[in-house]
Amino acid sequence: MPEERLQKILSRAGAASRRKAEQLILEGRVAVNGAVVTEMGRKADLDRDHIRVDGKLLHGPKHLAYIALYKPNNCVTTVTDPEGRATVMDLLRGVKERVYPVGRLDYHSEGLLLLTNDGNLANAILSAATHLPKTYLVKINGTLTAEQEQAFRDGLPVEGRRTAPAGLRLAHRAANPWYEVRLFEGRKNQIRLMFKHLGRLVEKLKRVKIGPLDLGALKPGAFRNLSQAEVEQLQKAVKHSAGKGTLAKHAAVKPVHSTTRKRMKEAGPAVPAFRG
């Protein structure tokens, strides 16, 4: 196998996300053939070189695992938490493979989370150039005006930078309505900050789709292995979304078409009954 950048090897082997791998290198926790590496840019070959992370010899994953998890509220999307809070890893009872979350959901957000040891797919999904759409159901404390809805779709100035065009439609009309939001980027607290910019607070936030992958009938805290067909659909969606002009094409679509109301009714306790 040709040499690759060290952080890519760590990610592909499931040792950490690409960003976390870079942090491990800078902290001096990675060694190649006995020599500690502390600078970015070093290349190696996992089949030829001895690569250790915190003293443990790195091996490529023997089996690629892909897991869809319903992240519940009051749970952090990390492998460990210095504050001792529950993490999504605590929910993976019986999973033998060492998998990692792809992206994150905030502590008080819930819904679909993908975990895998396939570093290539994880990095492709997280890449800013991919624009793989993610769909959310969001309950806020008041209805937006038509002008505010259009401003949300066009992009809002958040923390000094305008957000990318997004999908938005009213999913359930009430005093505290639910909106369906489709994002093509993944900035921290983005949805909450966008609604806050428009004078609205998010009361509940649930992710229901990552590209073609659907939360389905999963209940909070439950997980399942993806089928081979779902993995192939994700891989295909990543390649398609990374194509030139994909973001502009998605941004031009009308409000997102989906079976949101049906999903809400079938979800039972996962989505509380709507009460203005």
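The model is a predicted one, in which local features need pLDDT of at least 70 and side-chain atom pairs count only at pLDDT 80 or more, while totals for chains, interfaces and linings use all residues. Residues are numbered from 1 along each chain as its sequence is written, and side-chain values use heavy atoms, with hydrogens and water left out.

A pair of aromatic rings is described by the distance of the centres and the angle of the planes. Rings of Phe, Tyr and Trp (its six-membered ring) pair if their centres lie within 6.5 Å; planes under 30 degrees apart count as stacked, over 60 as edge-to-face and the rest as tilted. This rule gives 2 aromatic pairs. In one of them, phenylalanine 152 and phenylalanine 195 are tilted, with 4.9 Å centre to centre and 40° between the planes. This pair links distant parts of the chain, 43 residues apart, as phenylalanine 152 belongs to helix α4 (residues 146-154) and phenylalanine 195 to helix α5 (residues 190-197). Helices (H or I, at least four residues) and strands (E, at least two) are DSSP runs, numbered from the N terminus. Phenylalanine 152 is buried, as is phenylalanine 195.

Tyrosine 179 and phenylalanine 195 form a tilted pair too, at 6.2 Å centre to centre and 45° between the planes. Tyrosine 179 lies in strand β14 (residues 178-183) and phenylalanine 195 in helix α5, so this pair ties together parts that are 16 residues apart in sequence.

Next comes helix α6. Its 14 residues (228-241) reach 20 Å from the first C-alpha to the last, close to the 20 Å expected at 1.5 Å a residue; the expected span is 1.5 Å times one less than the number of residues. Buried in α6 are Glu230, Val231, Leu234, Ala237, Val238 and Ser241. They lie on the same side of α6 because they cover an arc of only 125° around the axis, the arc being that of the directions from the helix axis to the C-beta atoms. The face turned away from this buried side carries the exposed residues Gln228, Lys236 and Lys239.

Finally, glutamate 4 is found in strand β1 (residues 4-5). Glutamate 4 counts as buried because its relative accessibility is 15%.

Terms used
Buried < 20%, exposed > 50% of the residue type's maximum accessible area, 1.4 Å probe, protein only.
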